[in-house]
Amino acid sequence: MKMFRLAAMAAAFLLSFSAAQAQTTLRIGLAEDPDILDPSMARTYVGRIVFAAFCDKLFDIDEKLNIVPQLALSSETVDDGKGLVIKLRPGVKFHDGEPFDAEAAKFSLERHLTFPGSFRKPELASVDHIDIVDPLTIKLVLKSPFSPLLAQLTDRAGMMMSPKAAKEAGDKFGLHPVCAGPYKFVERVQQDRIVFEKFADYWNKDNVFIDKIVFQPIVDATVRLANLKSGGLDLIERVLATDLKEVRADSRLKVATAIELGYQGITLNIGKDKAKGPLSQSAKVRQALDLAIDREAINQVVFNGEFQVGNQWINPDHPYYQKSLPVRARDVEKAKALLKEAGVKPPVSVDFLVPKGAENETPAQVIQSMAAEAGFDMKIRLTEFATGLKQAEAGDYQAFWLAWSGRIDPDGNTFVFLHSGAPQNYGDWTNAQADKALEEARLATDFAKRKASYETLAKLVQDEEPILYLYHRRIIIAHTTKLEGYKQMPDGLVRVVGLKLK
């Protein structure tokens with residue numbers, strides 16, 4: 001009998017050991033450590049990658065940038081554009097077991113609107129209040145028609161949080177977020193890892209095949225790639241364009257790419273520059289800096305021609321791109337002449353804030369060299385990304401190397417950066433005409449009318465240069481061939497539903 005019990009125990013141990021061995025873990029290498037994991041407070045691209053694994057939204061996008069339901073089932077615009085009725089998916093649970101329903105959806109949207117310091121507030125500024133129609137239907141009542149609203153709900157403004165967990169945690173919600181996505185939060189060690197495990201009660205659990213996801217921030221792109229090649233990681237984001245040839249030559253790896261919806265630019269401090277330097281005081285000086293930059297040379301030399309040069313907040317293939325305002329060629333002599341007209345004696349010293357990482361540092365160094373020929377002394381100051389954002393908020397910079405991952409509607413690439421007083425208007429640029437154009441574009445539903453408003457804005461931005469738009473990156477994801485089902489979309493997010501690890 002004793003031998004039988006021992007044999008049974010041994011068998012049970014082997015079964016549990018085999019089950020543990022069979023568990024799959026997807027290890028993802030990130031280019032930065034994300035900021036706070038609170039949908040109302042977050043603002044980084046890398047954070048959006050992490051959110052995609054655990055915090056479902058009311059809507060999402062497909063590969064053709066169509067808006068598709070996620071936690072919603074459908075939507076209908078009513079009341080001449082001043083109402084949006086959203087039917088919610090039944091049977092959805094948050095990670096703490098609480099039900100997702102109209103009450104929860106109303107709570108999440110109201111939290112985005114009212115939570116102190118919320119970065120979602122301007123994205124939902126058109127919403128006057130939210131009505132509960134029935135247990136699975138809400139109605140957003142708007143102050144005025146707002147054409148980008150549905151697009152806003154495909155991103156963090158549409159992320160749903162457990163009311164119970166959010167109320168209990170308050171401003172600490174980001175330390176242990178509770179949402180309704182495919183994976184639930186386990187732990188976070190700053191600058192080291194963020195761990196998630198499969199949520200057994202996920203509404204789409206039949207399409208979740210991997211047991212665990214670990215995000216690891218590794219700033220150095222070369223180290224990220226080395227970890228992927230050695231098997232320490234299964235997928236990495238932001239592969240350097242110069243490493244593409246090497247990755248494509250490795251039979252153990254696959255590449256997925258798409259031109260981004262966003263842009264890489266340099267935000268110039270106009271209204272908060274404590275030193276009152278020439279760059280903040282004169283549009284001519286800002287134009288001179290712009291003319292000193294050869295965008296195509298940067299693309300060819302730094303990125304092997306893989307990126308797309310640009311001068312607006314959307315890429316030249318986008319339907320809202322203003323073809324009447326093409327990229328200006330580099331003109332060093334004209335740049336020097338503009339400095340002279342502005343009464344500025346070179347060299348113009350510029351505190352140039354740049355987040356660490358080769359994909360930032362290398363092109364910034366090329367721009368430093370180009371600008372020097374026109375009379376600028378770009379003093380590069382490297383910081384951790386999150387630290388750089390805080391310094392930008394405080395106005396502790398003169399030029400800030402800042403990328404934006406982009407949104408499917410042009411409002412998402414403009415309003416929060418260019419409208420007076422908007423939370424991500426780091427340069428504190430104020431222009432009443434620009435504000436009017438931005439506001440009119442939000443009201444219009446006709447494409448031609450919206451494009452005309454954005455043309456007005458583009459001309460003002462080209463004249464006053466609050467942001468120097470430089471290029472649009474190719475999103476480059478590399479992963480092991482053991483990972484199946486991965487597709488890259490232009491928003492740059494890593495979607496984990498449907499993925500399998502062999």
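Mentor: First, the term. On a 1 Å grid over the protein atoms alone, a pocket is an open set of points where a 1.4 Å probe fits, with protein on both sides within 12 Å along at least five of seven lines; lining residues have an atom within 4 Å of a point. This is a predicted model, where local features need pLDDT of at least 70, side-chain atom pairs count only at pLDDT 80 or more, and totals for chains, interfaces and linings use all residues. Residues are numbered from 1 along each chain as its sequence is written, and side-chain values use heavy atoms, without hydrogens and water.

Now the pocket itself. The largest pocket is lined by 25 residues. Nearest its centre lie Asp 60, Gln 70, Met 489, Arg 495 and Val 497.

The space in the largest pocket is about 480 Å³. That volume is the space filled by probe spheres set on the points, which are joined across faces, edges and corners.

Next, the classes. The lining of the largest pocket has 15 nonpolar, 7 charged and 3 polar residues. Ala, Val, Leu, Ile, Met, Phe, Trp, Tyr, Cys and Pro count as nonpolar; Asp, Glu, Lys and Arg as charged; the others, Gly among them, as polar.

Finally, the domains. Domain 1 (56–164) and domain 2 (183–259 + 475–501) each supply at least three residues to the lining of the largest pocket. The domain bounds come from an automatic or database domain assignment.
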